[in-house]
Structures are given as C-alpha cells and as structure tokens.
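Please look through the sequence and the model below, and then follow the chain step by step, from its overall plan to a few details of its backbone.

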Amino acid sequence: MPPKRVAIVTSSTRSPRLNPTITQYVYDVLTSDPIIPTNHNETLDTDPRHITLELLDLAKQSLPLYDESVIPARLPASDPTPHYCKAHTRAWSTVVRQYDAFIFVTPQYNWSIPASLKNALDYLFFEWKGKPAGIVSYGGRGGGKAADHLRGVLTGLRMRVVGTAPGLPVKFTGLPVGVLSEEEEMVRLDERDLVGWREAGVEGMMRNLGMELVCELDKV
Ligand SMILES: Cc1cc2nc3c(=O)[nH]c(=O)nc-3n(C[C@H](O)[C@H](O)[C@H](O)COP(=O)(O)O)c2cc1C
C-alpha cells in the first residue's frame, strides 16, 4: 500500500512571514521522531501505517479572494473538480485531493485565523470532508483563539480534527523588514523560544498530534 500523504499547511501569505519557519519546525519535529511511521525513517518503511509528510504553502496556490459561483457542498461528492467554474479552483481541488490528511500551521490574526486560510478552505468541501486534520497555532500567547476558530471551521467541513493542538507562544523570534526571497524568508528561531516550547512540552504535543493523525488514517 502506498504511504498516506499528509500535508503540513503554511497558512499565512504575507511577506515577510514567520509561518514557513514554524511549518518547517513542525516538519522537523515529526520526521525526527522514530515512533511516528514516516517513510523518511527507513527502518520503519514496511510499516503499513506509514505516512509521508509534505509541505503545502497557501502563498503558492494563486487563489484570489473567493470568487467561485458554485457552492462546493452542492457538487457531486465523488468528483467535484470538473464542476468548478474557475480554473484556479479546479487546480486547488486537484492539489487538495492528493492528500489524505492535513496539519494546519496557523498564526493568530485578531483572535482568529488569517483570511488566506479561511479563503482556501472555503473554496472546497468534499476535498476536505472526512479527512483527518491537526492544528498547530502560534502567536504572542500561542494562538489558542485561532486554533479554536479553526477547529470550528474544520468541523463544519466535516473533517476529523484530532484532539491535541499545540500552541507556540512567540516571544523573542523577530522578522526581518521588507519583501524577501523564499530562502531569505526562513528566519532563525530564537533559542529562548525553542527552549520555552520544549520546556512547555510543545514538541511532545506535536508528536501526540502526529500519532493521533496516524491512528485516524488507520481507520480510513
Ligand atoms: C493582522 C495581524 C493580526 C494579529 N493579531 C494577533 C492576535 O490576535 N494575537 C496574537 O498573539 N498575535 C497577533 N498578531 C501577531 C502575529 O501572531 C505574528 O505577527 C505572527 O508572526 C504572524 O504570523 P506570520 O508572520 O506568518 O504572518 C497579528 C499579526 C497580524 C499581521
């Protein structure tokens, strides 16, 4: 059986932004854990529950503010893609259909999720429905309000949201000024934030989230 594909979603789209760095941190924590059956770990490659973790950046999807004339939840459930009016929706539908599960990594914007994430979610319905989802938030106090809002939205999309939702308080890591290239966009996480997260058990929570997703995928 091919490994199940799990997308780790970068949700903010501005420049500069912290999200790609946090997404990479989540990826690194999950792929370095020997318990989670990622197929990056060759010793576990025969595990039938194995998954691949892939990065998915909303900034690269070229999605305008929602402009689809059909209602996604009213399209044929088994193959909604050709029924969208807009080419960008069909392209986004094709991307999302490739994945079996998602980990949404989101900042908190004014006590909620960024509009870019809500916009990308609203474009589709059956492409999300029934799939397992995890949430990792960040912000001055960990982005818990964004995580709570996102849980509601994903539940509305009938996703199976796992219980553990780590929140990363960003107290020391700063952003450079100005528009940056993709390489420049990766900022170095301040060691004091990393130590604080580890001491608060955030990396352990991420691993729990990963295993909860693996268990949910096992039920499919
Ligand atoms: C429009 C906007 C609203 C924000 N609102 C909050 C907030 O409600 N709570 C919080 O802790 N941080 C808030 N922040 C700070 C962000 O968490 C912080 O800037 C973070 O780096 C944003 O992620 P990004 O750089 O990937 O866009 C806000 C930032 C922006 C740009």
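In this predicted model, the protein, read along its sequence, follows the pattern β-α-β-α-β-α-β-α-β-β-α-α, which comes to six helices and six strands. The radius of gyration is 17 Å, close to the 17 Å that the globule rule gives for 220 residues, so the protein is as compact as a globular protein of that length. Its C-alpha atoms fill a box of roughly 50 × 45 × 30 Å along the principal axes, and 39% of the 220 residues count as buried. Among the contacts with a separation of 6 or more, 75% are made by residues 24 or more positions apart.

We can turn next to the ligand. Of the 13 residues around the ligand, Ser-12, Asn-19, Pro-107, Gly-139 and Gly-140 come nearest, and the shell divides into four nonpolar, six polar and three charged residues.

Some details of the backbone also deserve a careful look. Most residues other than glycine have a negative phi, and most peptide bonds are trans. The peptide bond from Ser-15 to Pro-16, however, is cis, with omega near 0°, and Pro-16 lies in the loop between β1 (4–10) and α1 (19–31). Asn-110, in the loop between β3 (101–107) and α3 (115–122), has a positive phi, near 45°, and this residue counts as exposed because it has 9 C-beta neighbours inside 10 Å. Arg-158, which lies in the loop between α4 (144–156) and β5 (160–161), also has a positive phi, near 65°, but with 13 other C-beta atoms within 10 Å Arg-158 is partly exposed.

Methods: Residues are numbered from 1 along each chain as its sequence is written. This is a predicted model: local features need pLDDT of at least 70, side-chain atom pairs count only at pLDDT 80 or more; totals for chains, interfaces and linings use all residues. Helices (H or I, at least four residues) and strands (E, at least two) are DSSP runs, numbered from the N terminus. The radius of gyration is taken over C-alpha atoms; the globule rule is 2.2 Å times the number of residues to the power 0.38. A residue is buried if 20 or more other C-beta atoms lie within 10 Å of its own, exposed if 12 or fewer, and partly exposed in between; C-beta atoms are placed from the backbone. Two residues are in contact if their C-beta atoms, placed from the backbone, lie within 7 Å. A residue is near a molecule or strand if its C-beta atom, placed from the backbone, lies within 6 Å of it. Ala, Val, Leu, Ile, Met, Phe, Trp, Tyr, Cys and Pro count as nonpolar, Asp, Glu, Lys and Arg as charged, and the others, Gly among them, as polar.
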